[in-house]
Structure formats: C-alpha cells, structure tokens
Amino acid sequence: MSSKVVVLVAIVLLAVFAHAARIVVGYVDAPPTKELAELNKTGEVKMLKHLKEIKAVVLNVPDHKVKELKDKLKNARYVEEDGVARAVGFGDYADVQWNVKMVNAPLVWDTYFATLRDAAFGYGVTVAVLDTGIDYKHPELYGKVVYCIYTVGTKLYKGTDLKNCADRNGHGTHVAGIIAASLDNTGVAGVAPKVRLMAVKVLSDTGSGYYSDIAEGIIESVKAGAKILSMSLGGSADSSVLRDASYWAYQQGAVQVAAAGNSGDGNPATDNVAYPARYSWVIAVAAVDQNYATPTWSSDGPEVDVAAPGVNILSTYPGGGYAYMSGTSMATPHVTGVVALIQALRLAAGKPMLTPDEVYQVITSTARDIGPPGFDVFTGYGLVDAYAAATAALSR
C-alpha cells in the first residue's frame, strides 16, 4: 500500500471517530443485541464495554445514528451520552489565590506531578529568604524552614535554632508564604509549596537594614548551600559591599531575584530601580495588579526584567494569620517560586540546575508580554509564566 493511501485511510478513520458519540445504554433484562444488530448493518456501531453487573453497555455510535438508536431502544432503562470526568487539578484547591494562578503555577503542578512527583511543587531545592525573618511556627510554613542565618548588627548566627530568625515585622513571613505556603485547601498556597526555606534575617524588626548586613546574609546563604536567593528589599544608592557580595554569589552559581522597588513615577525616561535589583546578574521584578496593569509606584527602568502580581496579595502573617500587602516585595517571591520550580524539576529529571544566566534566559524568554510589544521599562519582558518557563527549562 502506498504512503498516500495510508494517509488517506488515516484521515478517513479520524473523520469517523471525530463525529462519533460514546453512548451508554441501560437495559432491563437482556442486552439489546437484536436491535443493535439491525442498527449496525454498516458496522459503524461498536460495543466498547458490557457492564453486566449493572446491566449496561457502552457503545461508540456515529452522530447520525444516535437518534435512530434512541428510537429503536424505547424500552431501555436509559440511553444517554457517556459523561466525562476530569481529575480535579491542584489549582482547584480553595487556597490557591488569583496571583498564584496568574503566574501559571498550578499548571506546572498538574502537568508534572504525574511524572516528577513532588518536584512539581519545588521539592528538592532550598530558597534563602533575605528579609525580616520568618514565622517558622505558622501552620502554612511549619517544617519548611530548615536553617537560620542572622546578620543584623554585629551578631552573626548560623544554625537550626530558628528562634534567632523569628519575624517580628511581618514582611518576611508574607514573602515566605508567597513562595512556599502549603497547598492544603486552607488559607493560601505558595508558588512552590514544597520547597525548603532558609530564613536569613538581614533586616531589623523595623524592616530596614545596612547594606553590609545584607551582603553578609548573601554570602552566608550561599556558603550554607542556597542556590536561590529571594530579596524583597532594596536601596536607592549603589554600594561596593553589596555589589561585591551579590557578584560573588553570582559567580558561585546562585540565582538572585530582587524587588525593583516602590519608587516608580510612571515616567519611562527616568530610572528608579533599586539595588541590588539594578545589577545585571540579578533578576529585577516589577509589580502588576490583577488586571495586568502596572501600579505607578512600581519602579521602572531598563533593568526591570519581568513582572509578577504585587497588588493586594494575600499571604501568611506572624501569629498564624494572613494579611494583604502590596509592593514589588510581593511580586519578587512569585518569580523566586518559579525559579524554584524549574530547578527542582530539572533535578528530578536527572538534569543539573540551570546557571544564573540560563535561568535569566528561560524566565525572560518565556514571560508573557503584557505591556507595549517587546521589552518595556515597566514590565520588562512581561509577566512571569511558570508553566512556559518549566517547559523551556526541561527541554534544555
């Protein structure tokens, strides 16, 4: 048989099955064998299943034969189209808020859990959260914080006594929840709900900190094994100690994600991106709201790489509670979570983690363009897309 004939046969078969219905017939005493035989003179009706225990047969019936089938089987208990059920996706959980859906994290969970299991939720990697600390006793975060680093002032602590990294401000706990809050149908869920966290307290309880404290936190995080650093912080001035520490971390293969800042003025001619986000080796994140609009306060400039939800974000808060907060600080952990997902998936697939440059390329090239066509100073290359990034990362 020639290849042309094979193709033609395939097309005909596809046409037949494309216009067929799956019908279930419930019979009274005996299957309607005679009626089906009369109906099936052309061989188009196929019996797919016979469920004897409940007196039902499942048929594949061409659309143009369905009415005839129903007419012939008037004494059947029922003749109805076979319904379709779908697995309830993780994105259907009540704790998955709009912002996590907006970055397509649930699609990553649903797609890759079947083959790569918990790596689809970030399991296997650790994220260092450089902030005001983390409420490690929060039900959504309990057991996820595995290490503490404290660098505020003259004190340096490194270890597993998590009390040293307790959050008495709220900012760090909110950020941590966006990354890793449990997917359990209560409260909220993070982008990478099974990732491990390193609480790195570089900011005081007032929410501020010296560049040198942050630099020390960066260095100690990397020395402790963190390959992903989330920094929802920034300053308006450059700093040699911050620059050197951040570049050193980059040289060690650590991916750094930082907030672009909240000093935007809506003027594309000005550049108000904060440091360390302003460094070329750091992924700078701007904020957008639920309608994909950029709030005027989101810092803009040529250093902005991508955008993520950052307006009225519900996340974890100290004392076991939840709170709404806005800022590029909230946008940043969405991107951090996406980085955690793609690195975890690669490890589970037997591939090495991507380098910081490779992560940057994957994140920016797969972002969904939501502003003016192409790159723009308000949203960079667009809204971060977890599923597109994961797919691209696994194909490398």
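How many cavities of 30 Å³ or more does the structure hold? I found 1 cavity of 30 Å³ or more.

**Ground rules.** I am working on a predicted model, where local features need pLDDT of at least 70, side-chain atom pairs count only at pLDDT 80 or more, and totals for chains, interfaces and linings use all residues. Residues are numbered from 1 along each chain as its sequence is written, and side-chain values use heavy atoms, with hydrogens and water left out.

I noted about 40 Å³ of space in the largest cavity. A cavity is a set of points, on a 1 Å grid over the protein atoms alone, where a 1.4 Å probe fits but cannot get out; a pocket is an open set with protein on both sides within 12 Å along at least five of seven lines; lining residues have an atom within 4 Å of a point. Grid points are joined across faces, edges and corners, and a volume is the space filled by probe spheres set on the points. The lining of the largest cavity includes Gln-97, Asn-99, Val-100, Gly-177 and Leu-314. Helix H4 (98–102), helix H6 (171–180) and strand S13 (313–317) are the elements that give two or more residues to this lining. Helices (H or I, at least four residues) and strands (E, at least two) are DSSP runs, numbered from the N terminus.

I then looked up the largest pocket, which has a volume of about 330 Å³. It is lined by 23 residues, and the closest to its centre are Ser-232, Leu-233, Gly-234, Gly-235 and Ala-274. Helix H7 (211–223) and helix H9 (328–348) are the elements that give two or more residues to the lining of the largest pocket.

**Ala-215.** I placed Ala-215 in helix H7. Why is Ala-215 called buried? Ala-215 counts as buried because its relative accessible area is 3%; buried means under 20%, exposed over 50%, and partly exposed in between (1.4 Å probe, protein chains only). Leaving aside neighbours within four places in sequence, Ala-215 is in contact (heavy atoms within 4.5 Å) with Val-241, Leu-242 and Ala-245.

**Thr-151.** I found Thr-151 in the loop between S6 and strand S7 (157–159). Thr-151 counts as buried, at 0% relative accessibility. Its side chain reaches the backbone oxygen of Asp-213 at 2.8 Å. This is a polar contact, a pair of N or O atoms within 3.5 Å; within protein, one must be able to donate a hydrogen and the other to accept it, and residues adjacent in sequence count only if both atoms are side-chain atoms.

**Asp-135.** I found Asp-135 in the loop between strand S5 (126–131) and strand S6 (145–150). Asp-135 is buried yet has no salt bridge, meaning a side-chain nitrogen of Lys or Arg within 4 Å of a carboxyl oxygen of Asp or Glu. The nearest side chain of opposite charge, Lys-137, is 7.2 Å away; Lys and Arg count as positive and Asp and Glu as negative, with His and the chain ends not counted. The side chain of Asp-135 reaches the backbone nitrogen of Gly-319 at 2.9 Å.

**Asp-385 and H10.** In helix H10 (residues 356–365), I listed Pro-356, Val-359, Val-362, Ile-363 and Thr-364 as buried. Asp-385 is in the loop between H10 and H11, and is buried at a relative accessible area of 8%. The C-alpha atoms of Asp-385 and Ile-363 are separated by 7.6 Å, although these residues are 22 apart along the chain. The side chain of Asp-385 reaches the backbone nitrogen of Tyr-387 at 3.1 Å.
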